Amino acid sequence: MHDLAILFSILGVFLLGAISPGPSFVVVSRIAISGSRADGVMAAIGMGLGGFLFACIAMAGLTAILLQVEWLNLALRLAGGAYLVWLGINIWRAAPEPLEVAETTAGRPGTLWKSLLRGLFVQLSNPKTAIFYASMFAALLPSPTPSWMLFALPPLLFLNEALWYTIVALGFSSRRPRAVYLRSKAWIDRAAGLVVGALGLKLITDSARTSL
């Protein structure tokens with residue numbers, strides 16, 4: 001019973017981390033509101049897969065190595081920040097373009113895979129998330145950790161991330177938010193591009209500052 005309480009407390013901490021606003025929320029909501037509901041759900045699954053990979057990496061102890069190898073840690077942070085800046089610029093540049101939104105909630109296979117990969121790449125673009133996973137595991141996992149918990153946490157954290165962002169996708173793919181988006185697409189896209197780009201710049205500047 002004690003181990004189950006620890007497991008649920010870990011899941012709760014990571015759920016709060018997922019709920020906190022960031023580029024993942026912006027990207028999933030934008031995909032859901034500008035595409036189909038299925039595209040939004042696929043982006044949510046991509047976020048879940050990113051969480052699953054980070055959990056596996058943390059379990060394997062690779063984030064401890066990352067923290068020890070400063071140049072690799074810095075390189076990954078800079079690359080992640082650059083990707084977010086590039087994504088923000090693309091969103092901004094596409095803001096004035098008209099958008100044809102289908103009434104159906106089903107997406108095309110090509111767009112579904114693109115949405116999944118977009119969600120996955122955004123999740124993986126921030127190495128701080130990997131460090132968050134490692135630090136939370138170090139702080140919250142019992143010692144010794146039962147083997148069943150080590151195997152259960154990665155898929156449960158996948159569900160944690162995927163379910164939250166599915167809720168986001170379903171909410172933003174409904175008719176009213178989509179109508180608001182279509183009326184103000186240029187301004188909303190520019191705001192989203194600024195937010196994502198600013199988060200990328202912050203990641204780059206924070207990483208450069210800590211390396212000095």
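Mentor: A nonpolar core is a set of buried Ala, Val, Leu, Ile, Met, Phe, Trp, Tyr and Cys residues joined through side-chain atoms within 4.5 Å, where buried means under 20% relative accessible area with a 1.4 Å probe, protein chains only. The model is predicted, with local features requiring pLDDT of at least 70 and side-chain atom pairs pLDDT 80 or more, while totals for chains, interfaces and linings use all residues. Residues are numbered from 1 along each chain, and side-chain values use heavy atoms, without hydrogens and water.

Trainee: Which residues have the most contacts inside the largest nonpolar core?

Mentor: They are Val27, Val28, Leu87, Tyr165 and Val196, in a core of 19 residues. H2 (23–34), H3, H5 (70–93), H8 and H10 (185–211) each supply at least two of its residues, and H2 gives the largest share, five.

Trainee: What does valine 28 touch, leaving aside residues up to four places away in sequence?

Mentor: With contact meaning heavy atoms within 4.5 Å, valine 28 touches Gly40, Ala43, Met47, Tyr165, Val168 and Ala169.

Trainee: Why are H3 and H8 called roughly antiparallel?

Mentor: The axes of H3 (residues 37–59) and H8 (residues 147–172) come within 7 Å and cross at roughly 155°. Angles between N-to-C directions run from 0 to 180 degrees, and those over 145 count as roughly antiparallel; H3 and H8 are therefore roughly antiparallel.

Trainee: How many residues of the chain count as buried?

Mentor: Of its 212 residues, 42% count as buried.

Definitions and conventions: Helix = DSSP H or I, 4+ residues; strand = E, 2+ residues; numbered from the N terminus. Parallel < 35°, antiparallel > 145°, perpendicular 65-115°, else oblique. Buried < 20%, exposed > 50% of the residue type's maximum accessible area, 1.4 Å probe, protein only.
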